[in-house]
Amino acid sequence: MEFRVLGSLQVVDDTSELTPSAAKVRAVLAMLVLRHNQIVSTRELIDELWGERPPPTALPTLHTYVYKLRKMLGTSGPATVVTKPYGYLLATSPETIDVYRFERLVADGWSALERQEPEHATEALSQALALWRGPALANLAAGELLSAQITRLEESRLRALQLRLDADLRLGRHRELISELKELIATYPLNEDFYAKLMTALYQVGRRGEALEVFQNLRQVLVGQLGLEPSPALCRLQQRLLSGDPALEQPDLEPRPEAAPRAPERAGAAKPAQLPGDIADFVGREQVGDQIAAVLSGPAESGTAVRVICISGMPGVGGTALAVHTAHRVRAGFPAGQFFAELGGEGAPADPAEVLAGFLRAAGITPGDIPADRDERSKLFRTWCSDRQVLIVLDDAGGAAQIQPLLPGSAGCAVIVTSRFGLHGFAGAHMVELDPLSAGEGLELLARIIGPARLESERIAAEQIVRLCGRLPLALRCAGSRLAASQGLTLTKFAERLEDPRSRLSDLCVADLDVRTAFRGTYERLAEPERSLFRLLGLLQTPHITTGQAGALLGCAPDHAERLLARLADCCLLTARPGPLGEVRYAIHELVRLYARECLERELDTYAEPVADGHAGEHRMAEPARGPAAIPAPAAGDVERHGGADALAGGGQDGSYPLPVPSAECVNGGAARVLGP
């Protein structure tokens with residue numbers, strides 16, 4: 001399968017063409033192809049398709065377009081559309097896209113020119129230009145985002161053409177170039193570089209008078225249309241022609257490439273620009289955003305070390321959104337470019353070696369020059385960054401070992417890392433721990449999604465939705481997207497649905513936004529002892545957790561329970577705060593507690609032993625709100641054995657209690673498995 005954007009958008013599979021006929025589906029495909037293997041947010045796609053005023057059905061319509069693309073591409077072929085948080089990604093080999101091959105050939109030609117190999121350069125650049133079949137994406141009615149991409153591609157084409165002309169001039173092909181240059185001047189009447197090359201070519205074949213006439217023609221055009229004189233570089237070239245400079249070879253319009261052994265810049269692209277699009281309705285975080293921006297904009301504290309910001313928080317708290325938003329705020333301070341890598345992924349964590357290969361390709365290093373060894377790639381990347389100011393955003397990092405090879409070594413560079421795991425051992429980093437939004441910020445976010453008028457008409461219900469979402473940005477986006485997609489669903493009715501804890505997580509799921517999926521990603525990375533404790537925390541009916549309660553649930557010593565609680569806090573599934581008498585007080589978010597309870601119920605359903613009919617209900621979990629008789633109150637001795645009444649949160653005046661957990665022996669200082677094999 002091959003994707004072609006250098007001309008009309010085409011999708012070709014062997015000999016058949018699969019290009020979508022619908023214009024908006026083609027636009028979605030073009031966005032995904034141009035950002036292949038990178039997330040394209042739903043907001044960007046909606047903005048491209050409908051501009052500033054999308055219809056109420058924009059989101060479900062977009063889902064339909066993506067479904068059509070999936071049906072066209074298949075699920076097991078060389079290219080697939082993958083759903084990601086907040087967007088979609090076209091997973092395919094870069095070799096299937098003509099613009100990737102074009103940029104690789106242009107970079108090869110640029111490198112050959114630096115090595116003074118004009119024959120190799122003109123061959124590579126000619127092959128690159130031959131990939132063009134007409135204006136980029138000619139069969140699209142491009143919106144703002146695609147128009148910017150088309151402009152970039154056309155500029156890349158023009159730059160490749162200029163490089164090829166440079167190579168031909170170095171080879172002495174002046175006579176052959178005169179006709180082509182005259183045609184280019186007619187097409188680009190204000191491009192001084194083409195005039196300079198034509199003047200040089202005419203001079204080299206003995207047509208000095210015509211060369212000077214070209215200069216006068218350009219001057220008349222510039223003065224007549226713009227009121228400007230030709231550039232100083234072109235004026236110097238005219239003087240050299242008038243004086244008959246014997247050393248004249250080619251125009252001095254721009255500095256010659258340095259001879260120092262450094263990686264070549266990618267031709268046609270001045271710098272890498274991999275940051276995902278910013279979120280238009282980003283809300284809150286002003287203070288922490290200003291602090292991060294101040295660190296990134298200021299000099300390194302040590303004077304020589306790279307600046308590193310580590311943003312952590314519970315799943316769905318908006319760490320990635322804050323990192324991308326802040327990166328866009330400070331990107332002007334990093335003129336050499338910005339890199340972005342998603343380190344978590346849906347399966348295994350990203351291999352730093354593969355991430356480095358992507359960075360080096362974006363920096364303009366030809367694939368053949370990228371070392372196979374990870375450490376060598378890391379050294380080459382640090383070398384490329386050594387005299388540049390670049391910003392790197394590493395999203396969903398699993399630990400310091402995954403981050404370290406990706407760091408530049410220059411103090412002019414900066415790195416933003418987001419993680420669902422505490423990175424407190426990362427030396428020299430500025431740590432930022434995010435909490436859920438405030439109630440006011442939650443209302444503002446909801447208003448931006450569903451509209452201020454709709455929110456104000458049911459403000460009490462809106463406040464209730466914010467509370468039931470735990471002020472978690474991802475949950476609020478799920479709620480807002482569901483309300484925006486269902487204009488007939490009132491806020492009051494939706495708030496009543498969210499009041500039911502048994503279905504709340506299911507209601508906070510719409511399309512590719514899912515609170516449960518965000519929690520699952522962290523839960524599946526836990527070791528089994530932490531999973532066991534996490535599941536049992538779903539029994540508690542209070543957000544506060546003590547080591548005594550955890551020890552009672554696991555039936556182990558408080559010291560071991562403390563270690564497990566600390567690990568859950570490091571994974572941002574719990575928060576740790578200092579309590580009275582030096583005791584650490586842990587807390588669990590309500591949505592996390594509901595997910596923990598679901599995990600426990602699923603585990604019980606999986607491993608429960610068959611029981612006689614009529615008694616099966618005694619072995620199933622039940623919400624305390626369903627009635628105090630669902631679970632009998634424990635005997636006094638049971639309560640004392642589990643650390644007293646405080647150890648079993650939820651035993652209240654209504655007589656309901658969470659399921660009592662018998663003591664389990666400790667094995668080698670660790671709790672024996674309570675549930676599961």
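Which residue takes a positive phi of about 75° just after H2?

A: That residue is glycine 51, which follows directly on H2 and has a positive phi of about 75°. Before going further, a word on the ground rules: this is a predicted model, in which local features need pLDDT of at least 70 and side-chain atom pairs count only at pLDDT 80 or more, while totals for chains, interfaces and linings use all residues. Residues are numbered from 1 along each chain as its sequence is written, and side-chain values use heavy atoms, with hydrogens and water left out. Helices (H or I, at least four residues) and strands (E, at least two) are DSSP runs numbered from the N terminus.

H2 covers residues 42-50 and is mostly covered, with seven of its nine residues buried. Buried here means under 20% relative accessible area, exposed means over 50%, and partly exposed lies in between (1.4 Å probe, protein chains only). The buried residues are Thr42, Glu44, Leu45, Ile46, Glu48, Leu49 and Trp50. And what covers them? The cover includes helix H1 (23-34), strand E4 (40-41), helix H3 (58-73), strand E6 (87-92) and H6, where contact means heavy atoms within 4.5 Å.

H1 and H2 pack at an angle of about 140° with their axes 10 Å apart, which makes H1 oblique to H2. The axes are lines fitted to C-alpha atoms, for helices over the stretch in contact, and the angles run from 0 to 180 degrees between N-to-C directions. Angles under 35 degrees count as roughly parallel, over 145 as roughly antiparallel, 65 to 115 as roughly perpendicular, and the rest as oblique. The H1 and H2 crossing is right-handed; a crossing is left-handed if the near helix is turned anticlockwise from the far one by less than a right angle, and right-handed if clockwise. On the H1 side, Lys24, Ala27, Val28 and Met31 make the contact, and on the H2 side Glu44, Leu45, Glu48, Leu49 and Trp50 do. Sorted by class, that contact holds six nonpolar, no polar and three charged residues. In this sorting Ala, Val, Leu, Ile, Met, Phe, Trp, Tyr, Cys and Pro are nonpolar, Asp, Glu, Lys and Arg are charged, and the others, Gly among them, are polar. When you look at the spacing of such contact residues, keep in mind that an α-helix has 3.6 residues a turn, so residues three or four places apart point the same way.

H6 contributes Leu161, Arg164, Leu165, Asp168 and Leu169, and H7 contributes His174, Leu177, Glu180, Leu181 and Leu184. By class, this contact has six nonpolar, one polar and three charged residues.

The buried residues of H24 are Thr547, Gln549, Ala550, Gly551, Ala552, Leu553 and Leu554.

With a disulfide taken as a pair of cysteine sulfur atoms within 2.5 Å, the count comes to zero. Cysteine 478 is in none, and the nearest cysteine sulfur, that of cysteine 509, is 6.7 Å away. At 0% relative accessibility, cysteine 478 counts as buried. The sulfur of cysteine 571 is 7.4 Å from the closest cysteine sulfur, in cysteine 572, which is too far for a bond. Cysteine 571 is buried too, with a relative accessible area of 11%.

Finally, the wider setting. The protein has 27 helices and 18 strands, and buried residues make up 52% of its 677 residues. Among contacts between residues at least 6 apart in sequence, 68% join residues at least 24 apart.
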